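Hi everyone, and thanks for coming. Please have a look at the picture on the screen, and then we'll walk through it together.

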Amino acid sequence: VGFIKNHRFEPTSLTVTAGQKFKLVIENQDPTPEEFESHSLNREKIVPAHGRIILYLGPLDAGSYPFFGEFNPATATGNLVAQ
């Protein structure tokens, strides 16, 4: 589970097991929406203000998969690490 607070993803790095499917839950604690976007994960989804989304991902190869908030790209950044 991750969350958005003050236009930042927390934690900024998430670790998952490579080769397995998983569920990623993101809760937005801000009063404004954010968009979770990752080109390497091929995902783009709006996270409503004070709302949450669930993404079903994987299985992923071992590696690093950056993501960002399209509405606040300077501060809302993170990385998913599959190992």
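Let me begin with a question: is Phe36 buried or exposed? Phe36 is buried, because its relative accessible area is 1%, and the cut-off for buried is under 20%. Please keep in mind that this is a predicted model.

A search of the whole structure turns up three aromatic pairs. Take Phe9 and Phe36: their ring centres are 6.1 Å apart and their planes stand at 90 degrees, so this pair is edge-to-face. Phe9 belongs to strand 2, residues 8–10, while Phe36 belongs to strand 5, so the pair ties together parts that lie 27 residues apart in sequence. Like Phe36, Phe9 is buried.

Phe36 has another ring partner, Phe67. Here the centres are 5.1 Å apart and the planes make an angle of 35 degrees, so we call this pair tilted. If you wonder about the word, planes over 60 degrees apart count as edge-to-face and those under 30 as stacked, so an angle between these limits is tilted. This pair, too, links distant parts of the chain, with Phe36 in strand 5 and Phe67 in strand 8, 31 residues apart. And why does Phe67 count as buried? Because its relative accessibility is 4%. Put together, the ring pairs link Phe9, Phe36 and Phe67 into a cluster.

Strand 5 covers residues 34–38 and strand 8 covers residues 63–69; they run antiparallel, and two bridges join them. As an example, Glu37 has Phe68 of strand 8 as its bridge partner. On to strand 9, residues 77–82: how many bridges join strand 8 to strand 9? There are six, and these strands also run antiparallel. Within strand 9, Asn79 is the residue that stands opposite Pro66.

Next, two charged residues. Glu35 sits in strand 5. Glu35 is buried but has no salt bridge, and the nearest side chain of opposite charge is Lys45, 11 Å away. Leaving out residues up to four places away in sequence, Glu35 touches several others, including Ile46, Phe68 and Phe71.

Asp30 is in the loop between strand 4, residues 22–28, and strand 5. Setting aside neighbours within four places in sequence, the contacts of Asp30 include Ile4, Asn6 and His50.

One last stop, in that loop between strand 4 and strand 5: Pro33. Pro33 counts as partly exposed, because its relative accessibility is 41%. Where is Val47 relative to Pro33? The two are 14 residues apart in sequence, and their C-alpha atoms are 5.7 Å apart in space. Val47 is also one of the residues that Pro33 touches, along with Pro48, Ala49 and others, when residues up to four places away in sequence are not counted.

Definitions and conventions:
Residues numbered from 1 in each chain as written. Predicted model: local features only at pLDDT ≥ 70, side-chain atom pairs only at ≥ 80, totals over all residues. Heavy atoms only, no water. Pairing = 2+ DSSP bridges. Helix = DSSP H or I, 4+ residues; strand = E, 2+ residues; numbered from the N terminus. Phe/Tyr/Trp six-rings, centres within 6.5 Å; stacked < 30°, edge-to-face > 60°. Buried < 20%, exposed > 50% of the residue type's maximum accessible area, 1.4 Å probe, protein only. Contact = heavy atoms within 4.5 Å. Lys, Arg positive; Asp, Glu negative; His and termini not counted. Salt bridge = Lys/Arg side-chain N within 4 Å of Asp/Glu carboxyl O.
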